[in-house]
Amino acid sequence: QVQLVESGGGLVQTGGSLRLSCSASGRTFSSYTMAWFRQAPGKEREFVAGISWRIYYAESVNGRFTISRDNAKNTLYLQMNSLKPEDTAVYYCAARASPVVVRHPGEYGDWGQGTPVTVSS
């Protein structure tokens, strides 16, 4: 298991940027597939981006968001640019003990507590 703590959320205007971080415990961080999900009020949790030996993005964020990881620091990042009001949600990082990125949240065993992002119009 790995423990995850997100940070970096906040309030930003349309077109602005935020960088989310996810700090992970444990010595095997590099072996985990990591992903960002988000959940807006009244909606299901949805895949945003994932990283293992390949990187995948949801179509809605492709070209605006960048996922990256620093295995030496046990940290996952999500750089979010050109933010839109529809990006407003609680953002969660998740870990999967498998080398394959999948988009279903049920396939991830470890989750952070979430960090809220609000994009004002």
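Ser82 sits in the loop between S8 and S9; strands (E, at least two residues) and helices (H or I, at least four) are DSSP runs, numbered from the N terminus. Although Ser82 is not a glycine, its phi is positive, at about 50 degrees. Ser82 is partly exposed, with a relative accessible area of 40%. Buried means under 20% relative accessible area, exposed over 50%, and partly exposed in between, with a 1.4 Å probe and protein chains only.

This is a predicted model, in which local features need pLDDT of at least 70 and side-chain atom pairs count only at pLDDT 80 or more, while totals for chains, interfaces and linings use all residues. Residues are numbered from 1 along each chain as its sequence is written, and side-chain values use heavy atoms, with hydrogens and water left out.

## Overall build

The protein has 11 strands and 0 helices. Its radius of gyration is 13 Å, close to the 14 Å that the globule rule gives for 121 residues, so the protein is as compact as a globular protein of that length. The radius is taken over C-alpha atoms, and the rule is 2.2 Å times the number of residues to the power 0.38. Along the principal axes, the C-alpha atoms fill a box of roughly 40 × 25 × 25 Å.

Of the 121 residues, 45% count as buried. Among contacts (heavy atoms within 4.5 Å) with a separation of 6 or more, 60% join residues 24 or more positions apart.

## The nonpolar core

The largest nonpolar core has 36 residues, of which Trp36, Leu76, Leu78, Met80 and Tyr91 touch the most other members. Such a core is a set of buried Ala, Val, Leu, Ile, Met, Phe, Trp, Tyr and Cys residues joined through side-chain atoms within 4.5 Å. Elements giving two or more residues to this core include strand S3 (18-24), strand S8 (75-80) and strand S9 (89-96). S9 gives the most, with 5 residues.

Leaving aside neighbours within four places in sequence, the contacts of Leu76 include Leu20, Trp36, Ile67 and Cys93.

## Two buried loop residues

Arg64 is placed in the loop between strand S6 (55-57) and S7. Arg64 is buried, with a relative accessible area of 10%. Not counting residues up to four places away in sequence, Arg64 touches Ser82 and Asp87, among others.

Asn74 is found in the loop between S7 and S8 and is buried, with a relative accessible area of 18%. Asn74 is not a glycine, yet has a positive phi of about 55 degrees.
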